[in-house]
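Here are my comments on the model you asked me to look over.

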Amino acid sequence: MNIRFYNARILTMQEGQPVFSGELWTAEDRILYVGDTPPAGTPRAQAGDRPACWDREIDCRGNLLMPGFKNAHTHSAMTFLRSHADDMPLDRWLNEQVFPFEAKLTPQDIGTLTKLAILEYLTGGVTGIMEMYLTPETIAAACSGCGMRVVQVGGCNNFSQSPELLEKWYEELNHADPLTSFQLGFHAEYTCSPDLLETIAGLAHRFRAPVFTHCEETLAETQGCMERYGKTPVALLSELGIWDFGGAGYHLVHTNEEDRRILKEKNIGVVTNPASNAKLASGIAPLSEYLTDGIPVAIGTDGPASNNCLDMFREMFLATALAKLRTGDASAVPALEVLRMATVNGAHIMRLPETDVLAAGKLADLILLDLQQPNMQPVWDIPNNIVYSGSKSNVMLTMIGGVIRYELCGGEQRFHIGEEPADIYREVEAIQRRIFMEK
Ligand SMILES: [Zn+2]
């Protein structure tokens with residue numbers, strides 16, 4: 001498909017480039033051109049490789065094109081646990097309300113529950129997710145079928161998945177579909193034996209690959225690791241060589257100065273999950289310190305059981321608001337920095353560099369935001385509007401790999417994912433009835 005977006009404001013997220021008015025063209029899965037509107041009659045050579053005809057021309061009416069949001073940490077299929085066990089501490093929530101019910105899920109259930117999350121991602125302008133959950137094959141199939149870009153990471157621990165499976169998925173799921181990829185990962189230090197951690201370090205070295213994991217989410221987790229090993233999780237994983245080829249830690253709420261020195265030295269990313277950390281009373285991540293230290297930060301929603309929504313607008317607001325509260329400094333983590341975390345940094349940490357900014361040759365993963373809404377007026381500082389007053393109700397269109405997967409047409413939501421939302425809702429209800437009502 002050759003698509004022309006014209007009459008747009010454009011925020012490319014390229015360093016130092018302000019919002020400008022112009023147009024953007026896509027061809028197949030790529031951005032062909034982004035820039036000023038070429039004057040009528042401009043020779044082809046000066047206007048990029050303009051296609052002979054358009055499959056579709058979209059008048060953006062002054063609204064904003066920007067890169068789609070990257071949700072850098074989620075457990076999508078936990079949609080079935082949404083609002084099921086709220087207002088509980090993390091350990092009880094996990095052991096009493098999550099693990100026993102997850103045990104009843106089939107691989108097919110997980111695919112269906114992931115599709116429910118995909119509907120939510122699309123309405124919220126999310127064009128890529130970093131996923132950690134069970135049965136990666138059915139998750140890959142659900143994402144591929146609906147057109148969602150996904151980077152899965154292993155959730156290996158003492159009770160489920162195994163290094164052999166990690167290896168198998170790493171080799172098989174990285175070449176199956178351009179929308180899906182797989183990275184090494186494990187659940188967390190506290191659910192993995194020392195032997196298992198060493199085996200994962202061995203895999204990282206064999207594949208020369210980054211590794212992703214939950215890390216220092218709660219104070220109890222960090223203290224438990226100190227008791228078990230005499231060092232923090234960050235120091236332990238670093239010493240084991242797990243992060244010798246990069247990677248990222250999810251949460252990283254309770255790091256100390258030495259942890260941050262290690263993260264910087266090894267160029268390990270931080271994926272912050274402010275809503276989940278707040279709701280589970282885990283704490284506030286030291287984002288200002290990460291920024292000062294030059295540690296890359298991305299943003300994730302975490303799963304819908306602990307958040308409970310998959311909304312990057314809410315995460316962006318919380319990321320900056322909580323950083324301001326934590327430091328007592330209203331200038332902490334400004335809006336443009338937050339927007340960079342939710343787009344460019346997410347793309348880099350997720351190993352999707354071709355989706356980071358809007359530029360010719362990059363993948364066409366982008367969104368159109370409605371600025372003609374009360375919460376986005378006046379149009380004075382667009383990045384600040386998006387972070388401080390924007391909401392998912394401003395998302396008019398979500399494109400992934402050059403395909404429009406979601407759009408608002410005259411107020412009506414249209415999904416182009418090959419399935420009807422009502423059918424997905426019905427299937428999810430049936431899964432819920434089976435899991436929670438049948439003995
Ligand atoms: Zn998580």
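1. Basis. This is a predicted model, in which local features need pLDDT of at least 70, side-chain atom pairs count only at pLDDT 80 or more, and totals for chains, interfaces and linings use all residues. Residues are numbered from 1 along each chain as its sequence is written, and side-chain values use heavy atoms, with hydrogens and water left out.

2. Zinc donors. The zinc ion has as protein donors His73 (NE2), His75 (NE2), His214 (NE2) and Asp302 (OD), at 2.1 to 2.3 Å. Donors here are N, O and S atoms within 2.8 Å of the metal (3.2 Å for Na, K and Ca); water is not among the atoms, so sites may look incomplete. The sequence spacing of the donor residues is H-x1-H-x138-H-x87-D. Histidine 73 and histidine 75 are both buried (under 20% relative accessible area; exposed is over 50% and partly exposed in between, with a 1.4 Å probe and protein chains only).

3. Zinc geometry. The site of the zinc ion is irregular, with angles of 87 to 172° among its 4 donor atoms. Four donors count as tetrahedral if all angles lie between 85 and 135 degrees; four count as square planar and six as octahedral if opposite donors are over 155 degrees apart and all others between 65 and 115; anything else is irregular. For reference, the ideal angle for four tetrahedral donors is 109.5 degrees.

4. Strand S1. S1 (residues 2–10) pairs with S2 (residues 20–27) in the antiparallel sense, over 7 bridges. Two strands pair if DSSP finds at least two bridges between them. Helices (H or I, at least four residues) and strands (E, at least two) are DSSP runs, numbered from the N terminus. Arginine 4 faces tryptophan 25 of S2 across this pairing. S1 also pairs in the parallel sense with S4 (residues 56–59), over 4 bridges; here tyrosine 6 is opposite aspartate 59. S5 (residues 64–67) runs parallel to S1 and is joined to it by 2 bridges, with arginine 9 opposite leucine 64.

5. Strand S15. Why call S15 largely enclosed by the rest of the structure? Because 6 of the 6 residues of this strand (residues 395–400) are buried. S14 (residues 366–369) pairs with S15 in the antiparallel sense over 4 bridges, and S16 (residues 403–409) pairs with S15 in the antiparallel sense, also over 4 bridges. S15 and S16 form a hairpin with 2 residues between them. In that turn, glycine 401 has a positive phi of about 55°.

6. Largest pocket. Its volume is about 530 Å³. On a 1 Å grid over the protein atoms alone, a pocket is an open set with protein on both sides within 12 Å along at least five of seven lines, while a cavity is a set of points where a 1.4 Å probe fits but cannot get out; lining residues have an atom within 4 Å of a point. Grid points are joined across faces, edges and corners, and a volume is the space filled by probe spheres set on the points. The lining of the largest pocket has 29 residues, with Leu94, Phe99, Glu102, Tyr133 and His187 nearest its centre. Helix H1 (residues 90–102) gives the most, 6 residues.

7. Second largest pocket. This one holds about 250 Å³. Of its 16 lining residues, Leu90, Asp91, Leu94, Tyr190 and Thr218 are closest to the centre. H1 supplies the largest share, 5 residues.

8. Cavities. There are 2 cavities of 30 Å³ or more. H11 (312–327) and H9 (274–279) each supply at least two residues of its lining, and H11 gives the most, with 4. The second largest cavity holds about 30 Å³. Among its lining residues are Asp86, Trp93 and Lys279.

9. Glutamine 432. This residue is found in helix H14 (residues 421–437). Glutamine 432 counts as partly exposed because its relative accessibility is 29%. Its C-alpha atom is separated by 27 Å from that of alanine 278, 154 residues apart along the chain.
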